[in-house]
Amino acid sequence: MKKFLALALALTMVLTLAACGGNANTSTTTAATTAATTTTAATTTAAPEVEVMTYDEYAAADLESEVVIEAYVQATQSWWDNKITVYAQDADGAYFIYELACSEADAAKLVPGTKIRVTGFKGEWAGEVEIMDGTFEFVEGGDSFIAEALDVTDMLGTDELVDYQNQFVSFTGLTVEAIEYKNGEPGDDIYVTVSKDGASYDFCVERYLTDPDTDVYKAVGELKAGDVIDLEGFLYWYEGVNTHITAITNVEAAPAVMTYAEYAEAELDTEVVIEAYVQATQSWWDNKITVYTQDADGAYFIYELACSEEDAAKLVPGTKIRVTGFKGEWAGEVEIMDGTFEFVEGADSFIAEALDVTDKLGTDELIDFQNQYVTFTDLTVEKIEYKNGEPGDDIYVTVSKDGASYDFCVERYLTDPDTDVYKAVGELKAGDVIDVTGFLYWYEGVNTHITAVTAK
């Protein structure tokens with residue numbers, strides 16, 4: 001009996017120990033399983049990769065919002081202080097990436113055609129939309145892309161042009177108006193003012209993109225006003241189009257400035273280039289102004305010269321300008337038409353004195369003085385007549401000398417109804433004897449544009 005109880009007790013202890021051992025193993029397995037589950041959960045809940053935007057999505061994004069783009073390097077500005085500025089583009093659009101965080105080693109790898117993914121913030125400065133505060137990574141195994149220059153000449157002056165901002169573009173047939181170095185001498189940016197169809201635009205050679213040792217920097221430095229050029233560059237924006245020029249692809253040298261004698265001999269409808277001094281202007285309107293100019297050798301009537309309102313205010317008497325246009329003729333008046341101009345910097349001043357040509361009236365010689373500032377003495381008034389019958393428009397003045405009659409004019413866009421001469425002529429009566437000063441305009445004969453009158 002004792003033996004049986006002892007055996008039963010022993011068996012019970014064995015079973016108890018086995019049960020305890022089973023609980024320990026279960027605890028260990030459960031802990032391992034829990035750890036594995038936790039690891040798996042950490043892996044599957046990691047932040048998803050930010051989705052790369054299309055160009056359209058980038059363009060539609062709000063300013064100051066985070067953007068992620070992929071594009072191909074087209075050019076870079078100089079690396080410094082662990083930053084580099086990148087011009088990038090793809091088949092759909094372009095990006096200006098300002099001061100991208102970048103090591104010097106990685107900067108050397110940002111060669112044209114390299115694909116990169118950039119994360120930053122969309123910003124804007126003076127009209128230029130760009131990516132700021134950016135970081136990047138190389139897109140491994142990415143293909144390559146080098147943009148061809150898109151000709152956007154026809155879009156100059158239109159609202160469409162900004163849609164191509166930062167793209168690699170070309171312009172053709174631009175006329176150089178001025179070349180100016182930042183800080184006054186070579187070594188820094190070059191400001192290039194060009195014109196097309198009468199409107200002016202400011203482009204730039206950015207020295208951190210194309211430094212003074214590059215071909216384009218040297219070529220632009222040799223340009224002269226009046227040169228006609230084709231160019232390529234990145235369509236940067238600074239309060240308007242401000243293309244960063246990367247190449248001058250064609251230069252047609254400006255024609256030489258003519259003497260007055262060469263101008264006088266030039267055929268009608270040919271291109272002419274003259275330099276002369278402003279003597280007076282007619283009213284500016286619609287980006288055009290008509291100018292009476294003269295130098296020591298002769299005078300030029302420049303009809304509807306392309307001109308901004310700002311520049312019109314600078315065309316004061318004595319100012320020297322260079323004009324390129326076409327020699328034309330209308331009803332006997334020889335003039336320069338379809339012209340553009342630039343100010344001749346550092347030039348002297350010239351105001352013509354009135355030349356007395358009274359004794360040339362009625363002779364073939366008088367026309368040789370066409371458009372000059374002249375005076376006539378002792379003319380007899382025959383008739384005063386307002387265009388359209390009443391004051392406010394031109395005044396037609398018929399005068400006589402030695403039995404012959406001549407038609408002069410008070411041109412209201414030169415001397416308007418508020419001027420002393422307009423009022424004085426309006427008070428003249430038939431039979432008055434007068435001296436007249438004005439510009440020797442021609443309209444089917446002498447038709448002086450009167451600027452002063454003295455009654456005797």
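Q: Phe96 and Tyr236, buried or exposed?
A: Both Phe96 and Tyr236 are buried, where buried means under 20% relative accessible area, exposed over 50% and partly exposed in between, with a 1.4 Å probe and protein chains only. This is a predicted model, where local features need pLDDT of at least 70 and side-chain atom pairs count only at pLDDT 80 or more, while totals for chains, interfaces and linings use all residues. Residues are numbered from 1 along each chain as its sequence is written, and side-chain values use heavy atoms, with hydrogens and water left out.

Q: How are the rings of Phe96 and Tyr236 arranged?
A: Their centres are 5.1 Å apart and the planes sit at 70°, so that's an edge-to-face pair. The rule: rings of Phe, Tyr and Trp (its six-membered ring) pair if their centres lie within 6.5 Å, with planes under 30 degrees apart counted as stacked, over 60 as edge-to-face and the rest as tilted.

Q: Which parts does the Phe96 and Tyr236 pair tie together?
A: Phe96 is in strand β3 and Tyr236 in the loop between β10 and β11, so the pair ties together parts 140 residues apart in sequence. Helices (H or I, at least four residues) and strands (E, at least two) are DSSP runs, numbered from the N terminus.

Q: Which residues do ring pairs link into a cluster?
A: Tyr87, Phe96, Phe168, Phe234 and Tyr236.

Q: And how many aromatic pairs does the count come to?
A: 24. One of them is Tyr55 with Tyr95, edge-to-face at 5.4 Å centre to centre and 70° between the planes. Tyr55 lies in helix α2 (residues 55-60) and Tyr95 in strand β3 (residues 94-101), so that pair ties together parts 40 residues apart in sequence. Tyr55 and Tyr95 are both buried.

Q: Switching topic: how many residues are in the largest nonpolar core?
A: It has 26, and Phe171 and Phe203 have the most contacts inside it. A nonpolar core here is a set of buried Ala, Val, Leu, Ile, Met, Phe, Trp, Tyr and Cys residues joined through side-chain atoms within 4.5 Å.

Q: Which element supplies the largest share of this core?
A: β7, with five residues.

Q: What does Phe171 touch, leaving aside neighbours within four places in sequence?
A: Its contacts (heavy atoms within 4.5 Å) include Val152, Leu156, Phe203, Ile229 and Thr243.

Q: And where's Glu222?
A: Glu222 is in the loop between α4 and β10. Glu222 is exposed, with a relative accessible area of 58%.
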